[in-house]
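Hi,

Here is the structure I promised to pass on. Have a look at it first, and then read my notes on its aromatic rings below.

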Amino acid sequence: MRAKMKPYKKTDAGEILVNDEGIEKVWVPSQETQDTTVIGLAELLNETQMMADHAAIMTMLLPPEQLGEQHNQAKKFRETFVKLHQRALQTEPQPEPVRRLSDEVLPQAEAIHAFKERLLQDQENGRIHTLMWPSLLDHLARETERFMDRQEQAMAGRIQQDREEIIDFWADIMSEHSDFIAHLLDPAEIESIAQSSDFADEFAAVSEEHELQGKTDPVLGAIADLIDFKETALTAVQEAEIQSMIPPELADHVRREAILFLHELMRVDAMTGIQMEAA
Ligand SMILES: [Fe+2]
Ligand SMILES: [Fe+2]
């Protein structure tokens with residue numbers, strides 16, 4: 001697994017690191033950082049980009065001729081979050097600027113969340129016919145909800161660091177990514193589909209049950225393997241070594257989310273003093 005982290009911004013209170021090996025960057029607070037301003041900014045950097053990606057994906061999958069209004073709305077969200085991401089890049093990890101940014105981002109996150117929920121209900125009930133599965137819309141909505149929750153907590157000065165919650169949330173997300181990838185691959189890509197479906201099953205099982213094995217946690221090894229798979233998939237999609245209808249931006253998006261999962265887990269383990277190696 002590569003996913004190398006480099007220094008991004010540092011204050012007395014903590015440090016943000018960055019990975020720039022894909023299409024977009026991914027930011028993480030350094031493992032010992034407990035400062036909620038620093039954590040809050042790292043999440044704002046990631047999530048403004050993630051929401052811009054979600055909006056771009058929705059724009060692509062809402063046919064403009066049939067669903068012009070929704071298509072244009074998605075496009076507007078894309079513009080809004082691209083701007084907010086630019087602002088995040090210019091924000092220093094200090095309490096006041098981060099709070100101001102957070103206050104601007106949260107209402108927009110609320111709005112895009114409501115938009116996703118509305119599309120989900122309309123698609124589920126057959127009122128509209130987008131190119132998005134209800135499970136994709138539900139996935140996008142849940143990611144937004146967790147971001148908003150964590151951002152509110154960070155701005156209140158306390159962010160939940162619960163190992164079980166991290167695994168419960170992300171294992172489902174990882175399982176769904178693998179299912180999405182399996183369904184977007186060319187049906188002729190039998191091996192890659194099977195590999196992706198195996199990851200989907202593995203993470204669905206992790207979500208059901210995960211136990212530490214002494215001082216090792218098999219989940220960490222599973223995430224590292226999944227990051228490898230997603231990194232390889234990104235290159236394969238970019239270079240057309242694999243046939244699919246996966247936009248490279250989507251392959252990159254799910255790669256970054258896997259990195260976030262690993263780092264949230266490693267950080268909570270570092271904080272609680274549990275030293276675990278990948279099994
Ligand atoms: Fe996402
Ligand atoms: Fe996702």
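F180 is buried, at 9% relative accessible area; buried means under 20%, exposed over 50% and partly exposed in between, using a 1.4 Å probe and protein chains only. (Rings of Phe, Tyr and Trp, the last by its six-membered ring, pair if their centres lie within 6.5 Å; planes under 30 degrees apart are stacked, over 60 edge-to-face, and the rest tilted.) The two belong to distant parts of the chain, 47 residues apart: W133 is in the loop between α3 (95-124) and α4 (134-155), and F180 is in helix α5 (residues 163-184). Helices (H or I, at least four residues) and strands (E, at least two) are DSSP runs, numbered from the N terminus.

Keep in mind that this is a predicted model: local features need pLDDT of at least 70, side-chain atom pairs count only at pLDDT 80 or more, and totals for chains, interfaces and linings use all residues. Residues are numbered from 1 along each chain as its sequence is written, chains are lettered from A and ligands numbered from 1 in the order written, and side-chain values use heavy atoms, leaving out hydrogens and water.

How many aromatic pairs does the structure hold? Six. One of them joins Y8 and W27: with centres 5.9 Å apart and planes at 70 degrees, it's edge-to-face. Y8 is in strand β1 (residues 6-10) and W27 in strand β3 (residues 26-29), 19 residues apart. W27 is buried at 3%, whereas Y8 is partly exposed at 26%.

Ring pairs also tie F169, W170 and F261 into a cluster.

Cheers
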